[in-house]
Amino acid sequence: MSEDEISSLRAAAHPLRLRMLSLLTGSAMSAAEVARELDITHANASYHLRQLHDVGLLVVESEERIRGGVAKRYRYDMTRDATASPDGLAGEVRAMSSELLRRFEQHRPGKGTFTDAELWVAPETWDEVVATLAHASHLLHEQAQRPRTEGTIPVNLTVAAFRMTEQQGDKPDEKEQS
């Protein structure tokens, strides 16, 4: 894994930064806007936005002159290369888990689905599942709006779908098959 990939994963492996990435999917926002939305200080928002920008997870969509200064408006760059080794993703998975617990406390009864599975399936089935999840993720990201936009609702989608390695004892013993 390259040093850039490691830096990118470390930057994203922070619960506040994951929230920022989600927030900046719907629209470009300045540090002041992010700070207000997440109820953090402007300095804290600026620091974390710079960290995410420096590793290429955010792009500067525009700049505005405000009170003699320049306010950058950041947007999450969903097109970045998300391939990484499993070891490098461990921090991001921990941050996702923490963020999922926070979001779950805000879940509302009604439409939604929860699933957890460790299964053996045909490769064709797995390919179809991965394609469906990728489509759902891209659809949500493409349709994301600025927080509290009239006619929108807050939702969560946390997906960790991956092929696993075979462990000792995963395959039936030949004696058991006969």
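In this predicted model, the side chains of R73 and E64 come together in a salt bridge, with 3.5 Å from N to O. R73 counts as buried because its relative accessibility is 15%, under the 20% limit used for that term, whereas E64, at 36% relative accessibility, counts as partly exposed.

R73 also meets E33 in a salt bridge, here at 2.7 Å from N to O, and this pair links distant parts of the chain, since R73 belongs to strand β2 and E33 to helix α3, 40 residues apart. E33 is buried as well, with a relative accessible area of 16%, and it forms a salt bridge with R146, whose closest N and O atoms to it are 2.7 Å apart. Because E33 lies in helix α3 and R146 in the loop between α6 and α7, this pair ties together parts that are 113 residues apart in sequence. Taken together, E33, E64, R73 and R146 are linked in a network of salt bridges, and the structure holds 5 salt bridges.

Helix α2, which spans residues 15-26, is itself mostly covered, as 9 of its 12 residues are buried. L58, leaving aside its neighbours within four places in sequence, is in contact with residues including L21, L24, L49 and Y74.

Definitions and conventions: Residues numbered from 1 in each chain as written. Predicted model: local features only at pLDDT ≥ 70, side-chain atom pairs only at ≥ 80, totals over all residues. Heavy atoms only, no water. Buried < 20%, exposed > 50% of the residue type's maximum accessible area, 1.4 Å probe, protein only. Helix = DSSP H or I, 4+ residues; strand = E, 2+ residues; numbered from the N terminus. Contact = heavy atoms within 4.5 Å. Salt bridge = Lys/Arg side-chain N within 4 Å of Asp/Glu carboxyl O.
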